[in-house]
Amino acid sequence: MLTRRSLIAASLFAAATPAFAQAPAASDPASILTAIYTRAAKGKGDGGAAFVTENKAAKAKYFSKALVALWAKADAHTPKGDVGPIDFDPVTNSQEPDVKSFKVDAEKTEADKATLAVTITGHRNDRKPADQIVRYDFVREANSWKIDDIRGSSDGEAWSIRKMLTDALKS
């Protein structure tokens, strides 16, 4: 079943654009997203970004401590046999990833937090323009940048990983 969560994940990854010919330092939010999307866009761009959320170590590498803890709590709250609170690839904004290319833009940058937008272009042209943009909120933890939330829209309906996880704890 295609869900809003699945659509979120598909929008995150795509091939690098010429604007990133000179990549910034690896610890910088734009570099982190460029590396994630470059990996997700390899081949036909249908591999997605499950590597970002596949296990505890991967989550700890990419996500803030607060988001990792919230995710673990929401997963533990999920009844046995049910799908977890995030049932799509939030990086590609889809259950069926499709990343041909991408563009990363810094929208807001401060000393300890940043918001970046990734515009994803897929091989298929079946997404609404607003659904092709995924926003990442980063926080600085122990001199490293970590993703603290991922936000986007699916069929024009806004979503946020943090909100989905919080809502899962209410049910």
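Predicted model: local features only at pLDDT ≥ 70, side-chain atom pairs only at ≥ 80, totals over all residues.
Me: What makes the link between the side chains of Thr115 and Asp137 a polar contact?
Reply: A polar contact is a pair of N or O atoms within 3.5 Å. Within protein, one must be able to donate a hydrogen and the other to accept it, and residues adjacent in sequence count only if both atoms are side-chain atoms. The two side chains make such a contact at 3.0 Å.

Me: Which residues is Thr115 in contact with, leaving aside neighbours within four places in sequence?
Reply: Contact means heavy atoms within 4.5 Å. Among them are Asp105, Lys108, Tyr136 and Arg151.

Me: How do you know that strand 2 and strand 3 pair?
Reply: Strands (E, at least two residues) and helices (H or I, at least four) are DSSP runs, numbered from the N terminus. Two strands pair if DSSP finds at least two bridges between them. Strand 2 (residues 113-121) and strand 3 (residues 133-141) have seven, and they run antiparallel. Thr119 stands opposite Ile133 in strand 3.

Me: What joins strand 4 to strand 5?
Reply: Four bridges join strand 4 (residues 144-154) to strand 5 (residues 157-160). These strands run antiparallel too. In their hairpin, Asp155 takes a positive phi near 50°.

Me: What is the order of the strands in the sheet?
Reply: The order is 1-2-3-4-5, in an open sheet with antiparallel pairing. Strand 1 (101-109) and strand 5 are called edge strands: each pairs on one side only.

Me: Why are Ala142 and Asn143 called exposed?
Reply: Ala142 has a relative accessible area of 75%, so Ala142 is exposed. Asn143 has 66%, so Asn143 is exposed as well. Ala142 lies in the loop between strand 3 and strand 4, and Asn143 is found in that loop too. Neither is a glycine, yet phi is positive: about 50° for Ala142 and near 65° for Asn143.

Me: How do helix 4 and helix 5 cross?
Reply: Their axes come within 9 Å and cross at roughly 35°. Axes are lines fitted to C-alpha atoms, for helices over the stretch in contact, and angles run from 0 to 180 degrees between N-to-C directions. The crossing is left-handed. That word applies if the near helix is turned anticlockwise from the far one by less than a right angle; clockwise is right-handed. The contact includes Leu70 and Trp71 of helix 4 and Ile161 and Leu165 of helix 5.

Me: What makes a nonpolar core, and how many residues has the largest?
Reply: A nonpolar core is a set of buried Ala, Val, Leu, Ile, Met, Phe, Trp, Tyr and Cys residues joined through side-chain atoms within 4.5 Å. The largest has 36 residues. Ile36, Tyr136, Phe138 and Ile161 have the most contacts inside it. Helix 2 (29-41) gives the most to this core, with seven residues.

Note on methods
Residues numbered from 1 in each chain as written. Heavy atoms only, no water. Buried < 20%, exposed > 50% of the residue type's maximum accessible area, 1.4 Å probe, protein only.
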